[in-house]
Amino acid sequence: MRHVGGFDTHNSVDLDDLFNSYDEPIGYLVDELKAQGMWDSTTIVVASEFARTMKSNGLGTDHAWGGNAV
């Protein structure tokens, strides 16, 4: 299991580098699922017990209810 931190957006909402760190590994997973013919019967779910508000606090965002990611 890999731990990734740094999603604190109290003072900034620039998460591009953090989200990009997921792009390559998920791409490998998708490629492998397709190669094994399992892609059409697979659902990838990303969830969190922690979230941020959509509205800015002036610099970033504040605490909110966690949930799924779309």
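**Whole chain**

Residues are numbered from 1 along each chain as its sequence is written, and side-chain values use heavy atoms, with hydrogens and water left out.

Colour the chain by pLDDT, the predictor's confidence in each residue, from 0 to 100. The mean for the protein chain is 78, and 70% of its residues reach 70 or more. Confidence is highest in α1, at a mean of 88, and lowest in β1, at 70. Where pLDDT is low, the predicted coordinates should not be read in detail.

Switch to a cartoon view. Among contacts (heavy atoms within 4.5 Å) between residues at least 6 apart in sequence, 32% join residues at least 24 apart. A surface display covers about 6100 Å² of accessible area, 56% of it belonging to carbon and sulfur atoms; such areas come from the Shrake-Rupley method with a 1.4 Å probe, and for residues only the protein chains shown count as cover.

Select residues 16-35, which form α1. Its 20 residues reach 29 Å from first C-alpha to last, close to the 28 Å expected at 1.5 Å a residue; the expected span is 1.5 Å times one less than the number of residues. Show the side chains of L18, V30 and L33, the buried residues of α1. Just after the helix, G37 takes a positive phi of about 70 degrees.

Which residues make the nonpolar surface patch? Select F19, Y22, I26, L29, W39, I44 and V46, which together give about 610 Å². Within this group, L29 lies in α1 and counts as partly exposed because its relative accessibility is 39%.

**The strands and their loop**

Next, centre on T53, in the loop between β1 (50-52) and β2 (63-65). T53 counts as partly exposed because its relative accessibility is 26%. Leaving aside residues up to four places away in sequence, T53 touches T61, D62, H63 and A64. The C-alpha atoms of T53 and A64 are 5.3 Å apart, although 11 residues separate the pair in sequence.

Finally, select H63 in strand β2. H63 is partly exposed, with a relative accessible area of 48%. From H63 to A51 the C-alpha distance is 6.1 Å, across 12 residues of sequence.

Notes
This is a predicted model: local features need pLDDT of at least 70, side-chain atom pairs count only at pLDDT 80 or more; totals for chains, interfaces and linings use all residues. Patches are made of residues with over 30% relative accessible area and no salt bridge: like charges are joined within 9 Å, nonpolar side chains (Val, Leu, Ile, Met, Phe, Trp, Tyr) within 5 Å. A salt bridge is a side-chain nitrogen of Lys or Arg within 4 Å of a carboxyl oxygen of Asp or Glu. Helices (H or I, at least four residues) and strands (E, at least two) are DSSP runs, numbered from the N terminus. Buried means under 20% relative accessible area, exposed over 50%, partly exposed in between (1.4 Å probe, protein chains only).
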